[in-house]
Amino acid sequence: MQKPEHIAIIMDGNGRWAQERGLQRFEGHIAGAKTVEQIVEDADDLGVRQLTLYCLSSENWKRPKAELDALMILLKSYVIDQRPRMMEKSVQFKMIGRRKGIPDDVLAEIDKTIELTRGNHGIILCLAINYGSRGELRDAFVRIAEQLADPAARKALLEENRAGSIDELVTEEFISRHLYTAPYTDPDLLIRTAGEMRLSNYLLWQISYAEFWVTPIYWPDFNRAVLEEAIAAFGRRNRKFGGLPGGEQPRP
Ligand code: IPE
Ligand code: IPE
Ligand code: MG
């Protein structure tokens with residue numbers, strides 16, 4: 001049965017989980033962070049090579065300051081507290097998203113964890129923080145435009161890529177190389193918890209052919225059994241990438 005190597009997750013429903021228990025929203029985020037700890041280990045056990053988790057979108061800054069502050073404190077303690085476990089499990093810790101806007105003290109701890117785990121060879125744990133897919137594409141287009149506007153840089157780029165024109169140079173692969181996710185493969189499976197049927201500006205380019213799986217379960221209640229269910233559902237999907245089922249040939 002086919003297995004997803006790279007799973008992206010929109011971890012939604014922390015707020016509703018808390019509200020339904022008469023708790024504060026931030027308590028839902030605390031419970032959600034515990035789920036992250038557990039699910040990284042479960043995904044690793046199940047042979048997943050990469051997890052890309054949506055932690056904070058570029059649109060989430062619209063939330064009350066108190067909630068955002070709580071999220072930043074949680075994030076910082078997560079990347080500090082998990083270091084020993086990440087080293088034990090050889091986790092490669094990464095981040096995608098716009099650095100500008102994330103508090104310096106949080107960024108510094110994120111960077112330390114990235115550095116510490118750089119030589120590891122286990123599961124890649126990539127957190128999307130201050131991430132927005134349109135912003136990512138916009139940043140890529142600006143960087144490409146800047147390179148092309150500089151005659152020396154343009155010449156070097158064309159030569160490096162053995163391209164005779166800008167049209168030949170700017171392939172889909174070239175654009176992918178300018179995204180935050182450049183070093184990674186595209187997700188095979190996208191999971192969203194808490195039932196919403198939308199992407200909320202997540203990995204728009206990268207999930208072109210990902211299989212989409214939505215569960216009504218809130219993120220704090222997500223567990224290994226649900227992950228296994230998602231992986232099993234993925235195994236039953238018929239991925240065609242625009243071709244025909246099972247690679248059948250069309251009739252003449
Ligand atoms: C997802 O949970 C976590 C973040 C967006 C940080 P929410 O906080 O969006 O939970 P709901 O959607 O309000 O239940
Ligand atoms: C998406 O959830 C972002 C994260 C899970 C971090 P939201 O709760 O922000 O999405 P919307 O607002 O329901 O689209
Ligand atoms: Mg939400």
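Buried means under 20% relative accessible area, exposed over 50% and partly exposed in between, with a 1.4 Å probe and protein chains only. At 8% relative accessibility, Glu67 therefore counts as buried. The model is predicted: local features need pLDDT of at least 70, side-chain atom pairs count only at pLDDT 80 or more, and totals for chains, interfaces and linings use all residues. Residues are numbered from 1 along each chain as its sequence is written, chains are lettered from A and ligands numbered from 1 in the order in which they are written, and side-chain values use heavy atoms, with hydrogens and water left out.

- Helices (H or I, at least four residues) and strands (E, at least two) are DSSP runs, numbered from the N terminus.
- Strand E3 covers residues 92-96, and five of its five residues are buried, so the rest of the structure largely encloses it.
- Gln92, Lys94 and Ile96 lie on one side of E3, Phe93 and Met95 lie on the other, and both faces are covered.
- Strand E4 (residues 124-131) is also largely enclosed by the rest of the structure, because eight of its eight residues are buried.
- Two strands pair if DSSP finds at least two bridges between them; E3 and E4 do this in the parallel sense over five bridges.
- Within that pairing, Ile96 stands opposite Ala128 of E4, and the bridge partner of Lys94 in E4 is Cys126.
- E4 also runs parallel to strand E2 (residues 50-57), to which seven bridges join it.
- Ala128 in E4 has Tyr54 opposite it as well.
- E3, helix H5 (residues 104-116) and E4 make a left-handed β-α-β unit; a crossover is right-handed if, with the strands pointing away from the viewer, the path from the first strand over the helix to the second runs clockwise.

**Ligand 1**

- A residue is near a molecule or strand if one of its heavy atoms lies within 4 Å of it.
- There are 13 residues around ligand 1, of which Asp12, Gly15, Arg16, Arg25 and Arg63 come nearest.
- A polar contact is a pair of N or O atoms within 3.5 Å; within protein, one must be able to donate a hydrogen and the other to accept it, and residues adjacent in sequence count only if both atoms are side-chain atoms.
- Arg16 has a polar side-chain atom 2.7 Å from an oxygen atom of ligand 1, and an N or O atom in the side chain of Arg63 is also 2.7 Å from an oxygen atom of the ligand.
- A polar backbone atom of Gly13 is 3.4 Å from an oxygen atom of ligand 1.
- Ligand 1 taken alone exposes 380 Å², of which the protein buries 87%; accessible areas come from the Shrake-Rupley method with a 1.4 Å probe, and for residues only the protein chains shown count as cover.
- Arg25, listed above for ligand 1, makes a side-chain polar contact of 2.9 Å with the side chain of Glu67, which is in helix H3 (residues 65-81).

**Ligand 2**

- The residues surrounding ligand 2 are Ile10, Met11, Asp12, Tyr54, Cys55, Leu56, Asn60, Arg63, Arg192, Arg198 and Ser200.
- Oxygen atoms of ligand 2 lie 2.6 Å from an N or O atom in the side chain of Ser200, 2.8 Å from a polar side-chain atom of Arg198 and 3.2 Å from an N or O atom in the side chain of Asp12.
- Ligand 2 has 390 Å² of accessible area on its own, and the protein covers 78% of this.

**Aromatic pairs**

- Rings of Phe, Tyr and Trp (its six-membered ring) pair if their centres lie within 6.5 Å; planes under 30 degrees apart count as stacked, over 60 as edge-to-face and the rest as tilted.
- A search of the whole structure finds six aromatic pairs.
- Tyr131 and Tyr202 are edge-to-face, because their ring centres are 5.8 Å apart and their planes stand at 90 degrees.
- This pair links distant parts of the chain, 71 residues apart: Tyr131 is in E4, and Tyr202 is in the loop between strand E5 (189-192) and strand E6 (211-214).
- Tyr131 and Tyr202 are both buried.
- Trp219 and Phe222 are stacked, at 4.9 Å centre to centre and 25 degrees between the planes.
- Trp219 is buried at a relative accessible area of 0%, and Phe222 at 4%.
- Ring pairs link Tyr54, Tyr131, Tyr180 and Tyr202 into a cluster.
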